[in-house]
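Hello,

Here is the structure we talked about handing over. Please look through it first; my notes follow below.

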Amino acid sequence: MAFGTASVRTTCPYCGVGCGVVATPDGQGGLAIAGDPAHPANFGRLCSKGAALGETLGLSTRLLHPVVDGKQVDWATALDAVASRLTEVITTHGRESVAFYLSGQLLTEDYYVANKLAKGFLGTPHVDTNSRLCMASSVAGHRRSFGADVVPGCYADLDEADLIVLVGSNAAWCHPVLFQRIVAARRARGTRLIVVDPRRTATAEEADRHLAIAPGQDTVLFAHLLTQLADTDALDRAFIETHTTGFGETLARAREIAPSLAATATRTGLSEAEVSEFVGAWRDTDKVVTVYSQGVNQSAQGTDKVTSIVACHLATGRIGKPGTGPLSFTGQPNAMGGREVGGLANMLAAHMGFAPAEVDRVRRFWNAPHIVTGEGLKAVDLFDAVADGRIKALWVMGTNPAVSLPRADAVRTALQTLDLLLVSENVVSNDTLGAGAHVRLPAAAWSEKDGTVTNSERRISRQRAVLPRPGEAKPDWWILSGVAARLGYGAAFAYTSPAAIFREHAALSGFENDGARAFDISGLADLGDEEYDALAPIQWPVPRGQREGTVRLFGAGGFVTTDGRARFVPAAMPTLAAAVSPRYPLRLNTGRIRDQWHTMTRTGLSPRLGAHRPEPFVEVHPDDVARFGLSDGGFAKVETAHGEAVLRVVATEVVRSGEIFAPIHWTAETSSHGRVGPLVAGATDPYSGQPEAKATPATMTPVTMRRAGFALSRGPLSLPDGLWWSRIAVAGGFAWSLASDAPIEALVPAIRALFSDCECAELHDPARDVIRIAAFADARLAGAVFIGPAGQVPRWETLAPMVGEAFAPATRLALLSGRAPDGAAACGPLVCACFSVGRDAILAAVAAGATDTAAIGAAVMAGTNCGSCLPELKRLLAEVSRAAA
Amino acid sequence: MRERLVVVGNGMVGLRLVEEVTRRVPERFDITVIGAEPVPAYNRVLLSALLADEVTDEECRFRDRRWYLANRVRLITGARATGIDTAEREVRIGGHGVVPFDRLVLATGSEPIRLPAPGMDLPGVITFRDLADVALMREAARRGSPAVVIGGGLLGLEAAYGLARAGVAVTLVHLADRVMERQLDHGAARIVEAAMRERGIDIVLEAQTAAVEGRDQVEAVRLADGRRLPAGLVVVAVGVRPSVGLAVGAGLSVERGVVVDDRLATSAQRVHAIGECVSHRGTVYGLVEPGYAQAVVLARRLAGEDARYTGTLLATRLKVSGVPVFSAGDVTPPAGAEVITLSDAAAGRYARLVVAENRLVGAILVGETRHAGFFQDLITRRADVSGMRDALVFGPRAEATAVAFEPETEPAAEAVAEAA
């Protein structure tokens with residue numbers, strides 16, 4: 001494949017919105033990134049993360065060669081090793097001692113080959129994916145309600161709705177492009193927006209109403225809504241009658257869960273007026289879309305939440321019609337594509353499960369020698385099985401379970417016990433590799449991969465390679481096929497291109513499909529290579545003989561159950577999996593922040609994206625700040641029964657009193673004490689197996705960090721134990737935030753050693769616990785460390801732009817004063833990541849007369865691209881006007 | 001009748017006293033100056049610069065003989081005072097007889113310490129104290145034979161620097177683990193050593209001289225560890241001691257130096273002492289600056305004022321081998337003191353401050369002495385620095401911001417002049 005400088009239309013690798021991207025090589029290994037105006041997911045818009053994709057392509061962190069037992073080897077050797085070691089494990093411990101842990105980052109074609117190899121040929125059902133942590137509850141809810149893993153509606157419904165309810169979704173930060181679509185719809189048609197979320201997120205701030213619901217009580221709110229729809233005769237009785245079953249039983253259960261307005265208010269923590277207003281708005285608006293995301297999914301009762309929401313839509317027939325319906329916002333770019341191929345432990349393939357007929361059908365289609373006949377272990381159970389020795393060999397592809405799984409420290413420990421840990425990765429190091437991967441396989445990364453992804457509205461889009469693969473990186477499907485061939489399955493894995501895999505996948509979806517499976521893209525099974533390459537975004541199903549997609553489903557029934565009827569599903573009385581206690585009196589909620597993605601292996605490379613929230617933090621209500629003896633801007637040790645982290649305290653009324661929020665992104669690569677996964681209890685939902693990640697009982701104790709500081713470096717630094725640190729990317733390197741409770745004098749030799757290969761200018765003042773080092777290589781500033789009493793250390797932003805600059809010897813010591821050469825102050829904390837606009841610049845624009853976000857945008861560009869900082873701009877405006885009042 | 005004022009010693013301090021006295025009370029004294037060297041007082045501090053050809057003979061001179069005549073000062077050169085009779089108020093001068101006095105001032109300075117090692121009397125073994133030594137070193141440079149300088153104090157460094165600049169291959173051997181250990185800590189010393197090495201001077205630290213070897217002329221220096229350093233010239237610069245022989249012979253109270261009080265009076269009536277030969281409040285100063293201060297105080301007293309000398313802050317501000325060095329106050333931090341260091345060894349920059357009880361009590365600057373005056377002033381005034389403690393090492397606050405990143409302009413010539 002030739003790589004030129006022509007623009008390539010591809011898709012963004014981040015969230016499930018699935019935005020189209022136009023990537024244009026700059027001829028030097030980089031890409032200019034723009035939104036694809038023709039892509040129906042985003043019509044040219046990109047969020048801060050997508051817009052910064054060009055900053056994440058550096059090769060310094062890439063895994064470029066296969067590595068076996070710590071030694072670089074060629075591919076043949078690596079694939080031989082994988083095949084022989086897998087064979088050995090299977091011979092010794094049986095087929096089910098092998099497991100795969102896949103990722104919503106994989107392309108559908110990669111996913112398909114992995115699933116096929118495991119479930120048909122290696123003969124292990126233990127194939128699960130990080131989608132289990134993301135949207136498994138929506139999947140389970142949809143399957144229980146509709147009979148299949150189908151999202152009925154589409155993004156266009158957001159444009160046409162009159163009421164949008166966002167439940168457990170901080171779309172303004174996590175799905176910014178869809179959120180801006182909602183904002184645009186509000187402007188165009190006055191769409192009402194209600195946000196149901198325990199936190200007053202940036203999304204909630206934009207809403208007409210924010211219902212700060214008690215954690216885990218969404219089911220109560222929607223059960224109450226169902227009873228009120230019934231009691232005020234707002235039901236679509238014809239739809240219920242014709243297309244559903246189970247309404248009566250579900251309504252009766254709803255009355256038990258929400259027996260009265262007062263009980264509903266009490267359980268949800270909302271006022272009766274808030275509940276009534278919500279019910280009225282929902283009931284009285286025909287065109288209503290209820291969006292749900294991780295706040296619903298990452299719950300031990302997430303499936304009940306989904307079916308309770310779906311029930312209200314079924315009961316009013318508000319489904320599958322323009323401007324209506326339940327709509328799940330997916331976390332990952334290809335969570336849905338992974339499910340289509342069967343990349344979950346409780347699916348076999350192509351939306352088929354483990355009914356004997358289905359197993360037999362897939363076996364015949366694949367000509368599979370070792371077809372599995374039942375469900376495998378879901379993610380949390382799978383890693384428990386690793387820990388207790390049932391799983392001996394694990395192949396992790398494109399994900400970082402040592403960070404992201406609940407009880408992640410235990411997961412990391414468990415990984416170390418494996419006989420065989422295979423990791424297919426882009427990066428040369430992460431916490432999972434660090435757990436002792438025996439084989440490291442360099443996989444192609446986003447800009448090099450070729451295949452398809454499916455977004456949250458069932459839209460299959462091509463992801464196209466735009467840059468050549470560096471080093472010896474290979475597509476995941478190639479790696480898997482190579483192993484399959486060595487295991488003797490070459491004939492079934494003789495793929496030469498993603499197009500060939502896609503055709504097989506599409507053919508399976510239509511194989512003996514008499515309409516019982518909604519997922520049917522057999523209309524695409526005979527695409528030629530060129531047609532595949534040119535495939536325009538298309539929504540499934542695409543049955544045989546059809547080349548057009550399907551925008552909505554179920555508007556006129558036709559559910560994917562044996563009787564074609566949707567199911568009302570009675571919910572259990574919602575209670576959180578673990579109760580708070582005197583020892584752990586708080587609820588720890590976890591989630592994403594605006595400018596980072598997952599474990600930051602990519603977004604962490606972008607200077608722009610690092611600046612918004614540079615350190616791992618915990619949001620704490622001011623009442624709890626006082627109650628736990630913390631201070632705003634200080635540090636807290638956050639502890640649960642499973643683990644602990646030390647995080648910067650942000651006092652804010654965004655969270656309710658009694659609840660705290662910490663982001664999931666920091667790893668052992670990017671922080672010393674910022675891993676939050678280890679704290680999460682992860683009790684799982686009985687249907688979806690998805691772990692509860694947003695309500696772990698926790699406690700906090702203040703951590704006094706009397707010393708603080710920063711480091712700047714071009715590459716990694718081995719910071720000494722005893723320092724708290726976190727790291728972000730800056731132009732040309734990294735900036736490290738440092739803190740220490742203990743005196744740092746004992747660390748001074750180790751700190752000096754950080755730059756032992758450089759010429760160093762140093763300020764050392766042990767009595768004040770001050771050490772400042774500026775390191776020079778070839779007369780240029782190569783790095784720095786500044787540590788001193790907290791609050792008295794110059795800001796790193798002043799020095800960071802000087803890294804890489806040349807300094808005359810006589811001027812070097814002056815750098816240690818930490819003062820800017822021209823007296824220019826740093827621009828303050830970053831607000832707008834798209835245009836790198838800091839808080840100070842925005843305040844200056846306000847001072848110069850900007851009175852709204854549009855004027856700020858006109859003055860300094862902030863907020864004019866993805867819009868995810870608009871809530872923050874509004875907050876700044878409000879602060880200024882409050883201060884002026 | 002004028003009082004007879006006799007000054008023994010025609011060094012820099014002796015001359016300064018004479019200048020001050022003749023300026024203040026030109027009619028009061030008949031002054032006689034007795035100098036051992038054959039020439040009038042000259043700038044001893046510039047000897048290494050002279051050797052290095054950085055200054056001329058002319059620039060080292062202070063006052064010519066006409067000046068002495070014009071001011072009615074009798075200058076006896078090439079004459080060594082050999083005794084004092086305090087009762088008779090006479091100074092004996094070898095074969096020249098006696099000089100009676102009403103007031104006697106001892107400004108005999110210091111004499112080099114000689115090592116108690118074999119071979120120190122071989123031709124080619126010299127000290128570095130006067131113009132005669134410079135002449136010998138120049139001669140050695142012409143011969144092109146290598147030189148060994150024994151002693152890494154200020155004097156030794158100056159000698160080595162001067163020799164190196166004169167084109168001699170120089171090895172400096174020093175007993176301590178760093179040069180100028182009395183003025184500099186390790187960090188500062190390393191920078192000075194690096195500057196020396198950059199000028200081609202080989203430095204051997206922690207080296208004890210066992211012997212100087214040679215038959216008719218020095219040929220090598222042998223170290224205690226057996227190493228043998230070939231040398232056609234050996235400069236012994238292991239230190240100086242106060243020249244107190246005269247005072248001891250006269251029965252004056254002498255400790256390390258001639259004991260003087262704040263009036264610079266010795267234990268004998270009408271006998272004063274100033275300069276490097278004195279011990280004042282237990283301190284013997286090895287630098288010219290306190291001597292000058294003493295000269296001024298004594299001159300004022302001789303003029304009838306009630307001036308007192310209470311001591312001088314030990315401050316060294318000069319160029320060591322071309323590297324500006326400033327050292328003031330307590331270099332060894334007292335117990336409980338806080339030490340702040342700012343260093344850039346590769347750039348030849350070093351600063352170390354010692355702060356005790358919120359006061360700056362010591363400072364060392366190497367390579368960059370722009371703020372020497374600022375620090376010296378803080379030490380002298382015993383100023384409370386708690387308000388500027390954390391940025392102190394960067395100098396005066398206003399300047400640190402404005403000038404911090406400016407390329408520096410080094411007032412080289414001025415610094416040399418200030419060395420006196």
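This is a predicted model: local features need pLDDT of at least 70, side-chain atom pairs count only at pLDDT 80 or more; totals for chains, interfaces and linings use all residues.

**The annotated span in chain B**

**Chain B as a whole**

Chain B has 12 helices and 25 strands. Along the principal axes, its C-alpha atoms fill a box of roughly 65 × 60 × 40 Å. The radius of gyration of chain B is 22 Å; because a compact globule of 420 residues would have a value near 22 Å, the two agree. Of the 420 residues in chain B, 47% count as buried. Now the contacts in chain B between residues at least 6 apart in sequence: 64% of them join residues at least 24 apart.

**Domains of chain B**

The domain assignment gives three entries for chain B:

- domain 1: 3-111 + 241-302
- domain 2: 125-238
- domain 3: 315-418

Domains 2 and 3 of chain B touch, with 15 residues from domain 2 and 17 residues from domain 3 in the contact. Which elements give two or more residues to the domain 2 side of chain B that touches domain 3? They are α6 (154-165) and α7 (186-198) of chain B. The largest share of that side, 8 residues, comes from α7(B). By class, the side of domain 2 of chain B that touches domain 3 has 10 nonpolar, 2 polar and 3 charged residues.

**A hairpin in chain A**

Over to chain A. Strand β2 (residues 20-25) and β3(A) run antiparallel, joined by 5 bridges. One pairing to look at is A:Val21, whose bridge partner in β3(A) is A:Gly35. The hairpin of β2(A) and β3(A) has 5 residues between the strands, and A:Gly27 takes a positive phi there, near 80°.

Which residues of strand β3 (residues 31-35) of chain A are on the covered face, and which on the uncovered one? A:Leu31, A:Ile33 and A:Gly35 are on the covered face. A:Ala32 and A:Ala34 are on the uncovered face.

Best wishes

Note on methods: Residues are numbered from 1 along each chain as its sequence is written. Chains are lettered from A and ligands numbered from 1 in the order in which they are written. Helices (H or I, at least four residues) and strands (E, at least two) are DSSP runs, numbered from the N terminus. The radius of gyration is taken over C-alpha atoms; the globule rule is 2.2 Å times the number of residues to the power 0.38. A residue is buried if 20 or more other C-beta atoms lie within 10 Å of its own, exposed if 12 or fewer, and partly exposed in between; C-beta atoms are placed from the backbone. Two residues are in contact if their C-beta atoms, placed from the backbone, lie within 7 Å. Two strands pair if DSSP finds at least two bridges between them. Domain bounds come from an automatic or database domain assignment. Ala, Val, Leu, Ile, Met, Phe, Trp, Tyr, Cys and Pro count as nonpolar, Asp, Glu, Lys and Arg as charged, and the others, Gly among them, as polar.
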